[in-house]
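Here is a quick briefing for anyone opening this structure for the first time. Have a look at the sequence and the 3D view, then read on.

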Amino acid sequence: VNDNGTRRAFEGEVLDGMTVLDALDASALAGNINFKYEIDKNSNELNVLAIDGYSKTEPTRSATIFLNLVRVDMGRIHSIPLNFGDRILIKLE
């Protein structure tokens, strides 16, 4: 997690079938990070409601998620599989 230059890192094992969302859930639990989301039943789109210092209701901040330095669609992180050695970066601005 990179929050305007303040960095926190979490490392863990990637399990078979794990997604970006699964890794974020595990990191949030381990790091006591506020992480809330919902998945729209009609569109299957994931909406991040809050993550650390970002809140969907506070439009002055933005959150971007990168997988191996490539920006990913936040609405699809629940369907993006992980591989051994992958790195996830959450940039809060």
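What follows is a short tour, from the whole chain down to single residues.

This is a predicted model, so keep in mind that local features are only taken where pLDDT is at least 70. Going along the sequence, the elements come in the pattern β-β-α-β-β-β-β-β-β. The chain is as compact as a globular protein of its length, because its radius of gyration of 13 Å is close to the 12 Å that the globule rule gives for 93 residues.

**The chain as a whole**

- Picture a box of roughly 35 × 35 × 25 Å along the principal axes: that is what the C-alpha atoms of the protein chain fill.
- Of the 93 residues, 34% count as buried.
- Take the contacts with a separation of 6 or more, and 52% of them involve residues 24 or more positions apart.
- The accessible surface comes to about 6300 Å², and carbon and sulfur atoms hold 48% of it.
- On the charge side, there are 10 positive and 14 negative side chains. The centres of these two sets lie 6 Å apart.

**The three-stranded sheet**

- Three strands make up an open sheet in the order β3-β4-β5, and the pairing is antiparallel.
- The edges are β3 (35-39) and β5 (54-55), each of which pairs on one side only.
- Between β3 and β4 there are five bridges, in the antiparallel sense. To find this pairing in the view, look for F35, which stands opposite I51 in β4.
- Strand β4 (residues 46-51) is also joined to β5, this time by two bridges, and these two strands run antiparallel. A50 has S55 in β5 as its bridge partner.
- Both pairs are hairpins. The one made by β3 and β4 has six residues between the strands, and N44 takes a positive phi near 60° there. The one made by β4 and β5 has two residues between the strands, with D52 at a positive phi near 50°.

- How many residues of β6 are buried? Five of its five are, so to speak, under cover: the strand is mostly covered.
- In a regular strand, side chains alternate between the two faces of the sheet. In β6, A63, I65 and L67 point one way, while T64 and F66 point the other way. Both groups are buried.
- β6 has an antiparallel link to strand β8 (residues 88-92), made of five bridges. Here L67 stands opposite I88 in β8.
- β6 also pairs with β7 in the antiparallel sense, over three bridges. L67 turns up again in this pairing, with V70 in β7 as its bridge partner.
- β6 and β7 form a hairpin with two residues between them.

**A closer look at T64**

- T64 sits in strand β6 (residues 63-67).
- Is T64 buried or exposed? Buried counts as under 20% relative accessible area, and T64 counts as buried because its relative accessibility is 10%.
- Leaving out residues up to four places away in sequence, T64 touches R71, M74, L89, I90 and K91.

**Two asparagines with positive phi**

- N32 has a phi near 50°, which is a positive value in a residue other than glycine. N32 lies in the loop between α1 (20-31) and β3.
- N32 has a relative accessible area of 74%, so this residue is exposed.
- N68 also has a positive phi, of about 55°, although it is not a glycine. You'll find N68 in the loop between β6 and β7 (70-72), in the turn of the hairpin that these strands form.
- How accessible is N68, and what does N68 count as? Its relative accessibility is 39%, so N68 counts as partly exposed.

Definitions and conventions. Residues are numbered from 1 along each chain as its sequence is written. This is a predicted model: local features need pLDDT of at least 70, side-chain atom pairs count only at pLDDT 80 or more; totals for chains, interfaces and linings use all residues. Side-chain values use heavy atoms; hydrogens and water are left out. Helices (H or I, at least four residues) and strands (E, at least two) are DSSP runs, numbered from the N terminus. The radius of gyration is taken over C-alpha atoms; the globule rule is 2.2 Å times the number of residues to the power 0.38. Buried means under 20% relative accessible area, exposed over 50%, partly exposed in between (1.4 Å probe, protein chains only). Contact means heavy atoms within 4.5 Å. Accessible areas come from the Shrake-Rupley method with a 1.4 Å probe; for residues, only the protein chains shown count as cover. Lys and Arg count as positive and Asp and Glu as negative; His and the chain ends are not counted. The place of a charge is taken as NZ of Lys, CZ of Arg, CG of Asp or CD of Glu. Two strands pair if DSSP finds at least two bridges between them.
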